[in-house]
Amino acid sequence: MGKDETAGLSVQQAREMLRAADLRSTASRLAVLQYLANFNKPLSHAEVADALVPQGYDKSTLYRCLVELADSNLLSRLDAGDHAWRFELRRTDEHEDGQHPHFMCLDCGKVTCLPEVEVKIVPSSGKKTGMMGDVTEIFLKGHCTECK
């Protein structure tokens, strides 16, 4: 899973998303939205910066954009427990019913989406429910096929 050539986002679509979120349409925000739209997996700030800094964008500005876009619910911000947030474009079809699960390889650290996987959390028989609260992220960890 990686780059998805069919998932692009036009400048106009990105501007409309920003307008709907009451954010100004800046070149950095547009670039971040358009870049993330090309991937079907969450990307770290470093991965986004590696692609956009050579195009003239400032690394710290890109980080602020990622955080602002996540705070405005245009992006999902994922914490895999490795001290590196990852961001992905919130696509209405994938995010309507909450977050989809993700897989993280313990060897290479790659994180991929698992939209085709359904995870159900069912309390053990006789146990009280409600103690857990709302589940917002599900990460499955293991060894990817490339590292296995």
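**Ground rules.** I'm working with a predicted model, where local features need pLDDT of at least 70, side-chain atom pairs count only at pLDDT 80 or more, and totals for chains, interfaces and linings use all residues. Numbering starts from 1 along each chain as its sequence is written, and side-chain values use heavy atoms, with hydrogens and water left out.

**Helix H4.** I looked up H4, residues 59–71 (helices are DSSP runs of H or I with at least four residues, strands are E runs of at least two, numbered from the N terminus). Its 13 residues reach 19 Å from first C-alpha to last, close to the expected 18 Å (1.5 Å times one less than the number of residues). Among its buried residues I noted Leu-62, Cys-65 and Leu-66 (buried is under 20% relative accessible area, exposed over 50%, partly exposed in between, with a 1.4 Å probe and protein chains only). Just after H4, Asn-73 takes a positive phi of about 65°.

**Aromatic pairs.** How many did the search of the whole structure find? I got two (ring centres within 6.5 Å, using the six-membered ring for Trp; planes under 30 degrees apart are stacked, over 60 edge-to-face, the rest tilted). Tyr-35 and Phe-39 make a tilted pair, 5.0 Å centre to centre with 55° between the planes. Trp-85 and Phe-87 have planes at 90° and centres 6.4 Å apart, so I logged that pair as edge-to-face. Is Phe-87 buried or exposed? Phe-87 is buried at 0% relative accessible area, while Trp-85 is partly exposed at 36%.

**Loop.** Finally, I checked Val-117, which sits in the loop between strands E5 (111–113) and E6 (139–142). Val-117 is partly exposed at 32%.
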